[in-house]
Amino acid sequence: MATRVISAATLTRDLGRWRHDEPGEDGDRRRTSRPAYLALAESIRLLIHDGRAPLGVALPSERDLSTTLGVSRTTVTSAYSLLRENGYLISRQGSRSTVALPPGVTHDGSKPARSILAMMSPGEVPTIDLTYAAMSAPPEMNEAYSVALQGLPIYLGTHGMDPVGVLPLREAIARRYAERGLPTDPDQILVTLGAQHGLRLLLNVLTAPAERVLIDHPSYPNAIEAIRDVGARPVPVPLRPERPEAAWDLDGIRSAARQTAASTAYLVPDFHNPTGMLMDAGGRAELAAIARETRMTVIIDESMVDQQLDGETPPPVAAFARGPEIVTIGSASKSFWGGLRVGWVRANQTLIAKLLGTRSTVDLGTPVMDQLATTHLLEHADTILARRRDQLRDRRAALLDALAEELPDWRAVSGAGGMSLWVQLPTPVSSALAATAPNHGVLLAAGPRFGVQGAFERFLRLPFTHEESDLRLAVKAIATAYTALTPHASDPLAPLTCY
């Protein structure tokens, strides 16, 4: 398998104004006084920690990068040498230099540590848990289960195990797709035990051990883990949330698919978790075209699709498909309640049949009561979701306001929807902050949980699903914990130096 390569043009774009990174006395940006090679090495190092330069990917040749950046080849050679000396590049004779992390700073966020909640006595549990992004159930949940109970008798005369899903729910899901611009037949729907269950079934059918699966980076931690659990290898393609109009690097997806021969991709274009970004209609059309060109099946996770907070949502990505290249998974958990473990897969009937064959070895169907309750909720979704979106908008505003007041040097990415902010810290201390924050009354999910092999130490996901008062208290606690962190001179994440 050929090594995946970052092009000089892509790396130059991501580096930005790499020689203008120090503020002058008047607050304006000015050219740094550091040697150019040191500024370049430092900027590439930060891209590695932020997941913009994924581990194992080869950097462009010294000649190509020097030409594109407009600097001498000596500058690039010296920068690469410094990165190599500090453990950020691995070079083998006859091969390109590939991105790495020094052994002392390898933080694998794919397998979160044992929950702090599980290690504390009841009196020690922090009061605010920001490790999850989910809301409490709406008032209509009681009514939904009451209606489900009334509708249950017609199913009691059967064995109650339906691996496809009850017809009323599949019809309701199909109608929701049609209303969004994607005509769908109920036979194209497989009801699952949540979106995560649907993803796992798809990975079992679509991938084989050691195969590559493209992911947007950062991504949903449980999806990364599911890819690894089936023996496949997640291939990160960096997301650029600072450019909301083009956050997905579609050229990068196309290039990665060709270079790795990936047969599958997992992407979250609808209010992406954790950034809240939304892919526009043009991007969706191009993504479908890339899938056709590369003969890649793209799994689109629409778990967050109902969390539209700003603007309009484009049609589903599958609306731009011409064949089976786009498969969609959805869920009622984010829309209504996390305890409602009902999801679905939308695909062609051939793939549905394969999924059913795999499912029989895992489970025998989704509980009928939960399916009937979900059917009722979907029939009243517009009213329920409108109220919940208003709540999320208010809570997002409260969280942004609290961050601006307590941590003004933190930079929060506010997408068009979703349930969380993706926040960039001034220094790469995300894991350390998550470790110390419980002592101050708050639980955090560190940035590396959302990446592969040590990425995103400068980031945190902060959900805005709690009450506004709790969010403000949480930010105060985070600020206190952040202030308490004392950087060490020997910290391997300290800026690069040369001797």
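1. Helix α7 supplies three residues to the lining of the largest cavity, the largest share. Helices here are DSSP runs of H or I of at least four residues, strands are E runs of at least two, and both are numbered from the N terminus. A cavity is a set of points on a 1 Å grid over the protein atoms alone where a 1.4 Å probe fits but cannot get out; lining residues have an atom within 4 Å of a point.

2. On provenance: this is a predicted model, with local features needing pLDDT of at least 70 and side-chain atom pairs counted only at pLDDT 80 or more, while totals for chains, interfaces and linings use all residues. Residues are numbered from 1 along each chain as its sequence is written, and side-chain values use heavy atoms, with hydrogens and water left out.

3. Back to the voids. The whole structure holds four cavities of 30 Å³ or more. The largest cavity has about 170 Å³ of space. Volume means the space filled by probe spheres set on the points, with grid points joined across faces, edges and corners. The lining counts 14 residues, and Arg-176, Arg-180, Val-305, Asp-306 and Trp-344 are the closest to the centre. Two elements give two or more residues each: α7 (167-179) and β11 (326-331). By class, the lining has seven nonpolar, three polar and four charged residues. Ala, Val, Leu, Ile, Met, Phe, Trp, Tyr, Cys and Pro count as nonpolar, Asp, Glu, Lys and Arg as charged, and the others, Gly among them, as polar.

4. Next, a helix pair. Helix α10 (residues 250-260) packs on helix α11 (residues 281-294) at about 10°, the axes 10 Å apart. That angle makes the two helices α10 and α11 roughly parallel (angles under 35 degrees). Axes are lines fitted to C-alpha atoms over the stretch in contact, and angles run from 0 to 180 degrees between N-to-C directions. From α10, the contact (heavy atoms within 4.5 Å) includes Leu-250, Ile-253 and Arg-258; from α11, Glu-286, Leu-287 and Ile-290 are among the residues. The contact residues divide into five nonpolar, two polar and five charged.

5. Salt bridges number 22 in the whole structure; each is a side-chain nitrogen of Lys or Arg within 4 Å of a carboxyl oxygen of Asp or Glu. One of them pairs Asp-249 with Arg-13, closest N and O atoms 3.0 Å apart. Asp-249 sits in the loop between β8 (233-238) and α10, and Arg-13 in α1 (residues 8-15), so the pair ties together parts 236 residues apart in sequence.

6. Check the backbone. His-217 and Pro-218 are joined by a cis peptide bond, omega about 15°. Asn-273 to Pro-274 is also cis, with omega near 25°. Ala-210, not a glycine, has a positive phi of about 80°.

Methods
On a 1 Å grid over the protein atoms alone, a cavity is a set of points where a 1.4 Å probe fits but cannot get out, and a pocket is an open set with protein on both sides within 12 Å along at least five of seven lines; lining residues have an atom within 4 Å of a point. Angles under 35 degrees count as roughly parallel, over 145 as roughly antiparallel, 65 to 115 as roughly perpendicular and the rest as oblique.
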